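Colleague: Please take a close look at the contact between the chains, and connect it to what surrounds it. I would like the cut-offs spelled out as you go.

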Amino acid sequence: MTESPKVPKQSARQYPKPPEGTWTEHYPELDTAPVSYENSISPEFFELEREAIFKRAWLNVGRVEQLRRKGSFFTRELAVAKTSLIVVRGTDDRIRAFHNVCRHRGNKLVWSDDPHEETAGNCRHFACKYHGWRYDLDGKLSFILQEGEFFGIDKAKYGLVSVHCSVWHGFIFVNLAEEPSQTLTEFLGPMITAIDYPFDKLTQRYYYRGDIRSNWKVFLDAFQEFYHPPILHGHQNPVMRQADYQDKGFYTSHFQIDGPHRVGSTSGGAGGKLVPEFYNPIERVMRSGLFGPWDPSEIVTGELPPGLNPGKKKNWGLDSFQIFPNFAIVFWETGWYLTYHYWPVAHDRLLFEANAYFTPPRNVRERLAQQLGIATIKEYALEDCGTLEATQMGLESRVVSTFPLGDQEFMCRHLNRVVNNWVEDYKRKRAED
Amino acid sequence: MADAALPAEFSDLERFVQDWCLDSEPERYAKRLASTMDEIQAFYDAVMPRAEEAIRYLEKFPLNDLPEDAWRLLKLLYSLILISFPVEIWRQPRIPDTARAQFELKIEPVP
């Protein structure tokens, strides 16, 4: 393929690193030693993660647009916490979360057709399918059938078991701890809460999910490094399939961590900026690909929303914010965003969710550009899904115990470290009690 | 044509309506996997050269108020997008190395 002046040239020199020489060494809490993935193949470690991480961290379970009216609700099956939640907008417009369990005999309160599946709807109260006990939208028990048959029962003591619930920029978070040690804002910290993005304008939602046989961290790691794309996705990406990238690799231009959270910024997708021969014919017709529409959406102005491009890089294309433990938001320069959720089911299994959010298309052309974007997401994600099940198998052989991570895999190293730290902290506190 | 499924300008594509006008991404992906490359290529070769013209035709309508025949034409374009990958990249219906993996679009806007 011929060289073109419009093709961004990659070289290490163009991506300056911190004074220490590497991103990894810039952060004293990290080291450069090979990393163990025992925490991704051990059922015992997974049992600890349930308690240490998923019952203590704030978890994103959805967005407020999923609860448009008073009485709107959805359920979430959280296998990792062995519970189901009801998330509901009350008559006072407040969003609350409850464990999805009837106080009478423990029946799952809200479900339809299949109790293992999630459901959503709108109602004025929740009525148990079993004996008809009813709860208000704020969780209060309001009705017991044949109440006189019970023994001195006080309805006020039998409300639904509530779960801490808080909203940041329309993202609904829950915390399963009895008393969370931090508020949501404290937990998210300055790097994440600096983001002031017009999320409420991007209401066009596409939602994917997949059932994957790999550890949640093994899977997540592929979505927080840009070292693999020129190889694993090298055939389909117009930028990556250039010989230059396949020989020299792709560089993340900025890494940053803040507490348990992290961000990586890159020059982003191709965005239609290259010479036409670099694109597939369908991409040229639809003006879209890798991943989203090429033409900027209506939210794109001369200035980036606050909090984005935290490294203030000139050639900015995307930010991949990794919000601990299992939630990511990826912002793209053409004015749309993508979220990923990695829900552990077992030490070797996860539910993977991807949501793409765009501004509502104003015409067929914009709608088709979105459609190609989300189709591309699947072509890439399926390559990851296949490969990460293979990685899980390789790790589980235990033939190799530690693995070298490069500076481009900075975020993988950080997640591994934070997970181990949270589990150690939990074990220490449990021993003290 | 009395029972035309597509706008008259696109009557040459009528023969694809039954197989490729599908309502959801899982149906479209299943159809892709169930098709031979010859079938996929024939659909691509017929629709791809008409894609720009189809978009210009569809742009005349408000997106949320498409006539039935226009909506069917748009669904053909959704299928074109999904089968463009086998034709332009993979040379086979399935993405390589994804025999077991599944990842389905559960919510997609209509239209």
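Modeller: Two residues are counted as being in contact if their C-beta atoms, placed from the backbone, lie within 7 Å. The model is a predicted one, in which local features need pLDDT of at least 70 and side-chain atom pairs count only at pLDDT 80 or more, while totals for chains, interfaces and linings use all residues. Residues are numbered from 1 along each chain as its sequence is written, and chains are lettered from A and ligands numbered from 1 in the order in which they are written.

With that cut-off, 34 residues from chain A and 30 residues from chain B take part in the contact. On the chain B side, the elements that contribute two or more residues are α4 (51-58), α5 (68-90) and β1 (104-107) of chain B, where helices (H or I, at least four residues) and strands (E, at least two) are DSSP runs numbered from the N terminus. Nine residues, the largest share of this side, come from α5(B). Sorted by class, the side of chain B that touches chain A holds 19 nonpolar, three polar and eight charged residues; here Ala, Val, Leu, Ile, Met, Phe, Trp, Tyr, Cys and Pro count as nonpolar, Asp, Glu, Lys and Arg as charged, and the others, Gly among them, as polar.

The strand of chain B also pairs across the contact. Three bridges join β1(B) to strand β12 (residues 204-212) of chain A in the antiparallel sense, with pairing called if DSSP finds at least two bridges between two strands. Within this pair, B:I107 of β1(B) stands opposite A:Y207. The pairing belongs to an open, antiparallel sheet of eight strands, whose order is β13(A)-β14(A)-β15(A)-β16(A)-β17(A)-β18(A)-β12(A)-β1(B). At its edges stand β13 (254-258) of chain A and β1 of chain B, and because each has a single partner strand, one side of each is left without a neighbour in the sheet. From one strand to the next, the twist averages 20 degrees. Helix α8(A) packs on this sheet, where it touches β12 and β18 (349-358) of chain A together with β1 of chain B. The direction of α8(A) makes about 15 degrees with that of β12(A), on a scale where axes are lines fitted to C-alpha atoms, for helices over the stretch in contact, and angles run from 0 to 180 degrees between N-to-C directions.

Leaving aside its neighbours within four places in sequence, A:L368 is in contact with A:M286 and, in chain B, with B:I55 and B:L77. A:L368 is buried, having 26 other C-beta atoms within 10 Å; the term applies if 20 or more other C-beta atoms lie within 10 Å of a residue's own, with exposed meaning 12 or fewer and partly exposed anything in between, and C-beta atoms placed from the backbone. Although A:L368 and A:V285 are 83 residues apart along the chain, their C-alpha atoms are separated by 9.7 Å.

Helix α2 (residues 43-54) and helix α9 (residues 410-432), both of chain A, pack at an angle of about 90 degrees, their axes lying 9 Å apart. That makes α2(A) roughly perpendicular to α9(A), a label for 65 to 115 degrees, whereas angles under 35 count as roughly parallel, over 145 as roughly antiparallel and the rest as oblique. A:L48, A:E49, A:E51, A:A52 and A:I53 of α2(A) meet A:V419, A:W422, A:V423 and A:Y426 of α9(A), so that seven nonpolar, no polar and two charged residues make up this contact.

Elsewhere in chain A, strand β3 (residues 72-78) is largely enclosed by the rest of the structure, because six of its seven residues are buried. β3(A) pairs over six bridges, in the antiparallel sense, with strand β4 (residues 83-89) of chain A, and A:F74 stands opposite A:V87 of β4(A). The two strands form a hairpin with four residues between them, and in its turn A:K82 has a positive phi of about 50 degrees. β3(A) also runs antiparallel to strand β6 (residues 120-122) of chain A, to which three bridges join it, with A:N122 of β6(A) as the bridge partner of A:S72.
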